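Reader: I would like to learn how to read the cavities of a protein model. Please show me the structure and start with one case.

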Amino acid sequence: MPTPLIPTTPSRLLAEQALSRAAGAPLLNGNAVELLIDAAAHYAAWLAAIRGARRRVLLENYIIRDDEVGRAFRDALVERAQAGVFVAVVADWVGCLGQSRGAFWAPLRAAGGEVRVFNPPQLGQPFGWISRDHRKLLVVDGSLGFLSGVCISAKWLGDPTRDVPPWRDTGVALRGPAVAELEAAFAQSWSETGAALRPFSAMPEPVAPAGDVALRLIATQPATAGMYRLDQLIAAMARKTLWLTDAYFVGLAPYVQALVAAARDGVDVRLLVPGSSDIPIVAGLSRSGYRPLLKAGIRVFEWNGSMLHAKTAVADGQWARVGSSNLNIASWLGNRELDVAVEDAGFAGQLAAQYEKDLGNATEIVLASRRRRHGNGSREKVRSSETRPPRVRHAGGSSGRAAAGALRIANSVGAALSNRRVLGDTSSGPLVTGTVTLAALAVVAFVWPAWIGWPFGAIAAWFALNLGIRSWRMRKRRWRELRDAGDD
C-alpha cells in the first residue's frame with residue numbers, strides 16, 4: 001500500500017486528520033502529476049499509453065461513443081488484447097445508452113478483452129438505475145494512470161464544420177503511489193459488475209519516487225458523500241481564495257451557505273459555470289440561483305464557449321481538485337465518482353493560471369440596482385457585466401445535463417409554491433414555462449384522460465413487478481437461512 005505523508009507540525013496534523021476523515025482517503029506523497037487541458041490532449045495521451053501497454057489496460061468511463069473517437073480507442077484496445085495484454089473495460093449503461101451498443105464491443109471481446117456494463121436495469125431493483133458510474137479512469141501497466149471529466153466521444157472535440165469549438169474540460173495524468181489507488185478504484189467498480197478482478201503481480205519498488213507531489217485519490221460510492229464532506233471542509237478552511245469551475249452546478253443549501261460564509265469572511269470566492277445548455281430554459285434557471293451568491297460577494301462567471309464540462313477547484317494557491325464530481329446532489333450522493341485532491345503549490349498554481357485564462361472567455365454576472373416603477377424603492381437585478389458575445393453553438397451535452405435541468409426546474413417551482421425564498425427576475429421565465437406545462441397537462445387529463453392514465457398505469461405496473469420480485473427474493477433468502485439454521 002502507498003505510504004501516507006507524515007505531518008510534521010501539530011497544525012498540519014490537525015488539518016491532515018480533518019481532510020483524511022472528510023474525504024475517506026489518506027494523503028500520499030511521492031507522486032508526479034501532469035495537468036491535461038481539453039479532449040485533444042487527453043485522447044493523445046490516453047491512446048499513446050494504451051498503445052504502449054505491455055501487461056494490462058484498465059478503462060472505466062461514463063460515455064464511450066460509437067464514433068471516430070470511440071472506434072480509435074476500441075481499435076487500440078483490440079490491438080493490445082491480440083498482443084496478449086489483459087484489457088478490461090467498464091462502461092456505464094445510462095451514459096452509453098444511444099451512444100454505443102453491444103456490437104460495438106464485439107471485436108474487443110473476440111480478441112480476448114473483457115467488457116462489462118455498469119448497472120443496467122434489473123428486475124427487483126426499481127430504483128437501481130439511479131446510481132451511475134460517472135468515473136473517467138484509465139490505468140496502464142500499474143504505473144501510469146489518468147482521471148478526468150472527459151468522456152470518450154467526438155463531441156468533446158467540437159465540430160469545425162459547424163463552427164463548434166472544442167469543449168472545455170480538465171484532467172490529470174498520474175505516476176507514483178496514487179496509481180495503485182486508481183487500480184483499486186477500478187477493481188471496486190469491476191467487482192460491482194460481476195466476479196472480482198483477477199490479482200496482478202506486484203509491481204517492483206521504484207528506485208526513486210515518481211515525483212514530490214502529495215495528493216488524495218477520492219473514489220466515492222453512492223451515499224458515502226466523501227467528496228461532499230471534503231468540498232464543505234475546503235470551503236470552511238479557505239483563507240484567501242476559492243475558485244470553482246463546475247459543469248452542472250446545483251447549489252445545495254448547506255454548500256451555498258459554506259461559500260457565502262467564506263465570501264463574507266473575506267475569501268475571494270469565484271464560480272465559473274456554462275453559459276448555455278442543451279435545455280433552452282436551463283441558462284435562465286441557473287441564474288435564478290445566483291442572487292444569494294452575488295449578494296454575499298461571490299463572483300459568478302458564465303463560459304462563452306460551446307460547453308464547459310470541467311470540474312475543478314483551487315484554494316489559497318496550495319490545494320487543488322480535479323475529477324468527475326459535479327457540485328450537485330447526484331455526484332455527491334448518487335454516483336460513483338473519482339477525483340484527485342492535490343496539496344502542492346506548483347500544481348495549484350498551474351490550475352489557478354488556467355482558471356484566470358478561462359475567465360478571459362467568460363462573462364461576469366453582477367447585481368445592478370434599478371428603480372422600481374412605483375415608489376421610491378429600488379431592488380437588485382442580475383445582469384451581465386458586459387455585452388455578451390454571440391452564443392456558440394454546441395454539439396450536445398452529456399447525459400447528466402437533463403437531470404441537472406430538471407432539478408433546477410423543481411427548485412424554482414418549489415420555491416414559488418412554498419414561498420421559502422424570493423424569486424427574482426431570472427425566475428419568472430421558468431415559472432411561466434412551468435405554468436404553461438402544468439396547464440397543458442391539466443387540459444390533456446380532462447379531455448384525453450387515457451393519455452395520462454396509461455403512462456401512470458405502466459409505471460405502477462413496473463414498480464409492482466419489481467417490488468414483488470424483490471419481496472419474493474428476500475422471502476426465499478429468509479427461508480433458506482431458517483432451513484440452514486435448522487440443519488445445524
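Author: The second largest cavity holds about 40 Å³ of space. The model is predicted: local features need pLDDT of at least 70, side-chain atom pairs count only at pLDDT 80 or more, and totals for chains, interfaces and linings use all residues. Residues are numbered from 1 along each chain as its sequence is written, and side-chain values use heavy atoms, without hydrogens and water.

Reader: What is a cavity, and what is a volume?

Author: On a 1 Å grid over the protein atoms alone, a cavity is a set of points where a 1.4 Å probe fits but cannot get out; lining residues have an atom within 4 Å of a point. Points are joined across faces, edges and corners, and the volume is the space filled by probe spheres set on them.

Reader: Which residues line the second largest cavity?

Author: The lining consists of D231, I234, A235, L242, L244, Y255, A313 and W319. Two elements, α7 (226-237) and β9 (241-245), each give two or more residues to this lining. Helices (H or I, at least four residues) and strands (E, at least two) are DSSP runs, numbered from the N terminus. The largest share, 3 residues, comes from α7.

Reader: What is the volume of the largest cavity?

Author: About 70 Å³. In its lining, α12 gives the most, with 4 residues.

Conventions
On a 1 Å grid over the protein atoms alone, a cavity is a set of points where a 1.4 Å probe fits but cannot get out, and a pocket is an open set with protein on both sides within 12 Å along at least five of seven lines; lining residues have an atom within 4 Å of a point.
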